[in-house]
Amino acid sequence: MATIFPVIMCGGSGTRLWPASRPSRPKQFILLAGNRSLFQDAVERVAPLAQGGGRLIVVGGAVHLQAIREQLAAIGRSALILLEPEGRDSAAAMAAAACWTQAQDAEAINLFVASDHHIPDDLAFQKAAAVAAEAAAEGRMVTLGIVPTQPSSAYGYIAPLGEGLSEVTAFVEKPDLVAAAQYIRDGYLWNSGNFVVRADVLQDEIAAAASGLIEAVSDALAQAVVDGDAVFLGRRFADAPRISIDYAVMEKTRRASVLPVDFTWSDLGAWDTVHASGEGDVGLRLFEDAENCLVRAGDGVMVAAIGVSNLAIVVEQDAVLVTDLRRSHDVKKVVERLRTVSPRHLDFPRPAEEPLAEGAVRLAAWMRQDALPTWCTLGQNDEGGFEDLLGQDGRRLGSAHSAGVQARQIQVYAEAGRLGWSGPWQAAIRGGLEWSRRVLDPDGLMRARLAPGGEAMDDRICADDQAQLLVALASVAQVAPDLAPEQAVLSIRDRLLDLWPIQGDLQEMGEDRLQAKACMRLLEASIAWEAVEGAASWAGLADRAADLAVRRFIDPDSGHLLEPEGGAPMSGLEGAAIEPGLQFRWAWLLARHARARDQQASLQVALRLFDAGLYGVDPRRGVAIEAMTADSGVRNARARLRPQAEWLKASLALASLTDDGRREQCLVQAARAQRALWRYLSPSGLWRDKMLESGKFIDEPAPAGSLHPIMGAFVELRTTLGLLKPDMASSLELW
């Protein structure tokens, strides 16, 4: 049997179900008949049909991306999401799915279903779809025709040529009740709007019937921007003719067939059909001599009805509908009147999302007034040592001091000085460097940790710490060259490379052997020093580290960052823990490498890393999680602060290097990432670090090391926004 790619068509606004259904939350995303939305029911109904190599596809508008992602995540399903820049009716939407499908499998079959139909018997539907798929494999365009239960003017009708699966002799638009009764006597079927067709057949039929449509859709796919599981179709999609599949193809083609089905089906197109499902009531209600009424009310609202019958009572936060169930199709007339009487009630009020530029200005003020002063006073002792932790009340906790934190904080204050901060950055740097000398071994390398009093307590030498010190000294060299003598820097680098040869299998020193992370630090250090000195030796080291990363640590197909096991490349992705934060950090580094070399190869790898990392953004909380599986499932749903900053840095760096539709998408991601980061920050210059799956934070001290990625994100904000919006540069100053 041919491979099936189910396609859920997610357009439409469901205006006849106002006030519960509105453009920003149409009926397919609300609970109308059970504990799941109609969209979720559709996903569960068709997803099993994709087994055997297919993939579930959802076609919808960009405004509904968050709802689609959230509802998929809630039931543990994934899908490719094709997003239209604007609605062009069903023919263009179906063509986009068919074009994408055929690119994956030339013989694949698409099962097109509506996202807002009520079909309680999943098994019956799946059996019917399988029968239709057999005919579709032979080149037929099969629609599922519902055996009518009564005359209805709400549905279109199909005239079959014979019994069972047969050719179609006519498609009929919605008739009046008299004509509908005659159609039923003549054996007509309701047109369910579900189609099964081979992807190449659909393209051929649309190309023959609708001039320019396939060309516009194909161009839109070629221009598409990928955002994790979402594909934003290019602007050419808007040039496709606005036409339904019935008008464009089904009423003209000689390939049309219909399969009669007699399972329960409804499009739940008005409140009377919702009531007839028997599952439409929501919320608290109290009836006194009231019968046959539908009541829907939100949490905390009580609806009392006395002496009435056959009513739909729908209560939303800003509107109440009371209608005779027999007149529920007239709700559409009310919606039309609202366009002039009260347009604000046409849709739900949307919470404002902070734009990128506004959030960046706020972050500049927070860094200048709160974070930087806090961590060089409360967060630095009298002898210059930076604290690893501060309590949420600002108290020092007397913990040990790690070498890595000392280096990171030194870099933060060097960057603050470079950006013009008027606080005591020089004293912070000098104190941090003096304290750090206590952990140097005879070769000038940093031991891992100091006791609270300053005595060395861990003699391990970690490559990551040495590379971090090199990065910090590069920042120091730009503002206080006398504090970063060249000979000391070269000594650290050369000694590091003796222990950690980049020509061979690069390995972290110690037991962990985190090769990819060690290589990442060396690449960052090399890029930083190349920017300071422009020396060929640093440039060559950066190139070798970038080349090693691409060859050894990044899967070319998936864009996933892999950690080799036992010094050998991983044989596959199964079981791998993919960290979105590291995906974004590597994307940022390779973007910087691409910027320094004007090199497209590094940029393309950076984009693949970035796209793969976006699969790790939880749509419900809007944050990057700690770890995902290779198939984009959740491995660790906790969400720490650092990945949000890395997401922001990578988005901005890539936005500065692209100048097409990709730039705009990267800036959208940057705004999302910045809003995610702000969820962690507190007004006192501190932060929370670990967000649980519930959205709550673990109550624990603020780790000093988080200031480093926050500063890195702010530097990228200044760089990118200064490039793209020069007029706002002064508002991002730290002085």
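Visitor: Why is Asp89 called partly exposed?

Guide: Asp89 has a relative accessible area of 41%. Buried means under 20%, exposed over 50%, and partly exposed in between, with a 1.4 Å probe and protein chains only; Asp89 is therefore partly exposed. This residue is found in helix H3 (residues 89–104), where helices are DSSP runs of H or I of at least four residues, strands are E runs of at least two, and both are numbered from the N terminus. Asp89 also has a positive phi of about 75 degrees although it is not a glycine. Most residues other than glycine have a negative phi, and most peptide bonds are trans.

Visitor: What kind of model is this, and which rules apply to it?

Guide: The model is predicted: local features need pLDDT of at least 70 and side-chain atom pairs count only at pLDDT 80 or more, while totals for chains, interfaces and linings use all residues. Residues are numbered from 1 along each chain as its sequence is written, and side-chain values use heavy atoms, with hydrogens and water left out.

Visitor: How does one class Asn310 and Tyr188 by accessibility?

Guide: Asn310 has 25% relative accessibility and therefore counts as partly exposed. Tyr188, at 18%, counts as buried. Asn310 lies in the loop between strand S14 (302–306) and strand S15 (311–315), and its phi is positive, about 55 degrees, although it is not a glycine.

Visitor: What makes the pair of Phe29 and Phe39 edge-to-face?

Guide: The structure holds 17 aromatic pairs, a pair being two rings of Phe, Tyr or Trp (its six-membered ring) with centres within 6.5 Å; planes under 30 degrees apart count as stacked, over 60 as edge-to-face and the rest as tilted. The ring centres of Phe29 and Phe39 are 5.5 Å apart and their planes stand at 65 degrees, so this pair is edge-to-face. Phe29 belongs to the loop between strand S1 (4–9) and helix H1 (38–46), and Phe39 to helix H1, ten residues apart. Phe29 and Phe39 are both buried.

Visitor: Why is the pair of Tyr183 and Tyr188 described by another word, stacked?

Guide: The centres of the Tyr183 and Tyr188 rings lie 4.7 Å apart with planes at 5 degrees, so the pair is stacked.

Visitor: How do you know that a charge sits over the ring of Phe348?

Guide: The criterion is NZ of Lys or CZ of Arg within 6 Å of the ring centre and within 35 degrees of the ring normal. The charged end of Arg22 sits over the Phe348 ring, 4.1 Å from its centre. Likewise, Lys649 lies over the face of Trp588, at 3.7 Å from the ring centre.

Visitor: Why is H14 said to be largely enclosed?

Guide: In H14, 15 of the 17 residues are buried, so the helix is largely enclosed by the rest of the structure. Helix H14 (residues 463–479) reaches 25 Å from its first C-alpha to its last, close to the 24 Å expected at 1.5 Å a residue; the expected span is 1.5 Å times one less than the number of residues.
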